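Welcome! Please have a look at the structure first, and then read on.

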Amino acid sequence: MASSITRKKVFLFGAGAVIDWAGPRTICDREKLTMLPDHLPPHEKSNRVCCLTHLLLETGFENKHGEKVSASIFKNLQQRGISKDRLNFETIISFVEDLFSYYANEPEKRLGILGDQSPAEWIKDLFHFKTEPVGKGLYHYSFTIPGREFPHEHGVKVGTPPEQLFCKFLFHEMLSGIVGHVSKYSYWSNTRDNIVVNATNEKLNHAFILWMQSFVNLDYSLRMYTLNYDSIFRHLLEQVDVEVFDGFEKADSGFEERGLHVPDPGGILSNDNGHIHYNLHGCSDWRVEDINDSGMPSYQYFRSGAPHIESSEAVVEFEKGRRLLLSNIISGYQKVQRTYVTPFRQMLASFDHDCLEAEEIFLIGYSYADEHINEIIRNAKKYKPDIKITVINPTFNNDQFMVDFLLHWGHPVQFIYEKVGDEVIASQYNFKGIAKTFGEFLLSNLKV
């Protein structure tokens, strides 16, 4: 990339940014899981779930009473006063992660992980599995979940709690369902492309490319960060020969014969002027293994080029007593701990650095649910007050944004907002809010 490019536009894509490309919502108002018929690739009857929360509630393992484990967790957390705005698929996954961490510890180290001294009866009822001794049963046992050929394990060491295995398999099952539905709208390869070939996306793709190229033509560096599990925007730009670095090595790294690319943490931190697209919460075509490139027990992330159904055994413990299962995508409410892992750590550091140097930060379809992201945005404006902030979100809430962000940037000296056409302006803060979907915004730009 030309070294003359020094001006930066930062783009943060949240879940709402890909709704118009058939990306799934976090949660919706429907009563049950519904398959939506829009954005159909050829030869498919339906391909879009109404939301990821309903997907988890109605799929996966059953408990001892025949109820979906995820639905039981959701119901019981709701009865225990978890607020509605915090109850979604990430809440369920977080709870399963806590259960895994609880049972992965020795009994004397479990205190406090679940808040209580021991799991409540409804939690114990979640576990539905069978174990049988292997041989004399002195050293190993087999583990199965009734009614399923997989998952199973035949050589489990005695001393490993079967509840720990159940949580591991449940965690993988949930993430695999999410990855599967993300791939339906975002999968692309040399032989199949759900993004470009899909006729429904044609105008959107064209509008996105033109919008981004308008910045490139002005010698801006495109610094794109997504909280979603796809790489559709990088793919679109590469269709028009805009080179975009995604944080992984393209050169031979010893894994090419397996179609794998390893992270380039040094490149992530040193790439200061090029066009980049970093998945801050992972991607459906990443994978993680529990042995590093030296053959030692650890972890190693790869980009594989195809959706990967996660089954990693990789576990880390950054905080004593809190063991985390690593996965190709980050969900739940333990994101901060997972960002200690390479390449997440370097990508988040790059986002922090870019926000402090940007001329403008676009927050597109972002719901402000990740406090570690919010803090970076708040600090960027605090230490560089002239940064322009533009929000594109159909559910933009003036009051919420004012409390979460604007008031952190100084006391208002006048009425904070003024309405200008379809936009909400806060001139004192160099802020603009646009209450449209990203697709609506892009298509309206074509008409200007």
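**Strand β17 and its partners**

Strand β14, residues 388–392, pairs with β17 in the parallel sense, over 4 bridges. Please keep in mind that this is a predicted model.

*Pairing around β17*
- β16 and β17 form a hairpin, with 4 residues between them.
- In the turn of this hairpin, N430 has a positive phi of about 55°.

*Side chains of β17*
- β17 spans residues 431–434; F431 and G433 point one way from the strand, while K432 and I434 point the other way.
- All four of these residues are buried.

*The sheet β4-β5-β6*
- Elsewhere, there is an open sheet of 3 strands in the order β4-β5-β6, with antiparallel pairing.
- Its edge strands are β4 (130–133) and β6 (152–157), each of which pairs on one side only.
- On average, neighbouring strands of this sheet are turned by 25° against each other, direction ignored.
- β4 pairs with β5 (residues 140–144) in the antiparallel sense over 4 bridges, and the bridge partner of K130 in β5 is T144.

*A helix across the sheet*
- Helix α5, residues 162–186, lies across β4, β5 and β6.
- Helix α5 runs at about 40° to β5.

Terms used: Residues are numbered from 1 along each chain as its sequence is written. This is a predicted model: local features need pLDDT of at least 70, side-chain atom pairs count only at pLDDT 80 or more; totals for chains, interfaces and linings use all residues. Side-chain values use heavy atoms; hydrogens and water are left out. Buried means under 20% relative accessible area, exposed over 50%, partly exposed in between (1.4 Å probe, protein chains only). Helices (H or I, at least four residues) and strands (E, at least two) are DSSP runs, numbered from the N terminus. Two strands pair if DSSP finds at least two bridges between them. Axes are lines fitted to C-alpha atoms, for helices over the stretch in contact, and angles run from 0 to 180 degrees between N-to-C directions. Contact means heavy atoms within 4.5 Å.
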